[in-house]
Amino acid sequence: MTLAYIVLATLIGGVLSVVIAASLTVSVLSRVVRSLVSLSAGVLLGTALIHLLPEAFESSAGAHELFLTLLGGLLFFFLLEKAELYRHGHHHEGDGDHHHHGFDHEQAGRGGWTVLVGDSIHNFCDGIIIAGAFLVDARLGVVTALAIIAHEIPQEVGDYIVLLNAGFSRAKALLYNAVSGLAAVVGGVVGYFVVKPWEDLFPYLLVVASSSFIYVAVADLIPQLQRRLSLRETIAQLLWLAVGLGLILVLVDQFHGH
């Protein structure tokens with residue numbers, strides 16, 4: 001059953017993001033991305049700091065080793081960002097924000113394929129993280145999967161906008177995004193068979209997952225929100241962040257209550 005949960009959780013993220021992208025126009029997608037970024041930042045920080053890290057530190061693993069793992073994880077994702085393989089899909093053409101990767105019209109053709117390759121690697125890693133969380137505890141797996149899905153939706157929607165700007169047709173952009181999303185399923189299956197025999201490493205895997213969430217939220221998502229906005233827009237940002245944090249608090253409370 002655990003493997004079935006892992007496959008289902010990894011499949012939902014990719015399918016849901018494609019369904020949302022297919023159901024909305026580009027102009028609507030461009031408007032909702034910013035709200036989804038605020039929501040996912042709250043979800044990622046809440047999952048890492050309220051759920052995953054406490055779970056890891058309550059294990060028999062040493063605190064010193066876990067903190068070193070957290071530091072190593074942050075540095076690892078920093079290096080991946082440098083290679084433009086990890087943080088490729090958060091600054092998108094049409095969202096009104098500054099684009100760190102220069103997805104302008106002159107570079108969009110080759111940029112579209114770069115996004116797909118990087119997204120597939122990212123999704124594969126997410127699948128392994130989800131598998132590790134489910135192998136620790138099914139409830140932990142659910143919260144981790146929800147955090148990743150909340151993060152994937154704005155990312156995949158933004159990638160869809162980039163692919164359209166790169167000259168892909170609407171149908172091809174949706175198809176390639178869906179295929180890229182299947183990499184998470186592959187990562188989940190691989191993670192199940194590779195990680196399962198190494199149960200002593202589960203706390204460290206949870207810390208690595210936390211470092212991924214913290215890095216994306218602090219180094220990528222939150223800087224996008226640090227713009228001079230109207231009072232109404234600022235309140236909306238804070239509300240979406242609060243909703244993300246509140247969702248994790250409710251889930252953790254419900255799971256611990258049972």
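Let me begin with the largest cavity, which is lined by 14 residues, with T10, G13, G14, E152 and A184 lying nearest its centre. The model is predicted: local features need pLDDT of at least 70 and side-chain atom pairs count only at pLDDT 80 or more, whereas totals for chains, interfaces and linings use all residues. Residues are numbered from 1 along each chain as its sequence is written, and side-chain values use heavy atoms, with hydrogens and water left out.

A cavity here is a set of points, on a 1 Å grid over the protein atoms alone, where a 1.4 Å probe fits but cannot get out, and lining residues have an atom within 4 Å of a point. The count comes to three cavities of 30 Å³ or more. The largest has a volume of about 90 Å³, volume being the space filled by probe spheres set on the points, which are joined across faces, edges and corners.

Which helices supply its lining? Helices α1, α4 (108–136), α5 (138–165) and α6 (170–195) each supply at least two residues, and α1 gives the largest share, five residues. Helices are DSSP runs of H or I, at least four residues, numbered from the N terminus. By class, the lining divides into five nonpolar, six polar and three charged residues. In that count Ala, Val, Leu, Ile, Met, Phe, Trp, Tyr, Cys and Pro are nonpolar, Asp, Glu, Lys and Arg are charged, and the others, Gly among them, are polar.

Helix α1 (residues 2–23) also supplies the largest share of a nonpolar surface patch, three residues. The patch consists of L11, V15, V19 and L182, with about 320 Å² of accessible area together. Patch residues have over 30% relative accessible area and no salt bridge, and nonpolar side chains (Val, Leu, Ile, Met, Phe, Trp, Tyr) are joined within 5 Å; areas come from the Shrake-Rupley method with a 1.4 Å probe. V19, in helix α1, is partly exposed at 47% relative accessibility, a class between buried, under 20%, and exposed, over 50%.

I turn to charge pairing. The whole structure holds one salt bridge, that is, a side-chain nitrogen of Lys or Arg within 4 Å of a carboxyl oxygen of Asp or Glu. R139 pairs with D137, their closest N and O atoms being 3.2 Å apart. Both partners are partly exposed: R139 at 37% and D137 at 25%.

Finally, F76 lies in helix α3 (residues 63–82) and is partly exposed at 45%.

Conventions: Buried means under 20% relative accessible area, exposed over 50%, partly exposed in between (1.4 Å probe, protein chains only). Patches are made of residues with over 30% relative accessible area and no salt bridge: like charges are joined within 9 Å, nonpolar side chains (Val, Leu, Ile, Met, Phe, Trp, Tyr) within 5 Å. On a 1 Å grid over the protein atoms alone, a cavity is a set of points where a 1.4 Å probe fits but cannot get out, and a pocket is an open set with protein on both sides within 12 Å along at least five of seven lines; lining residues have an atom within 4 Å of a point.
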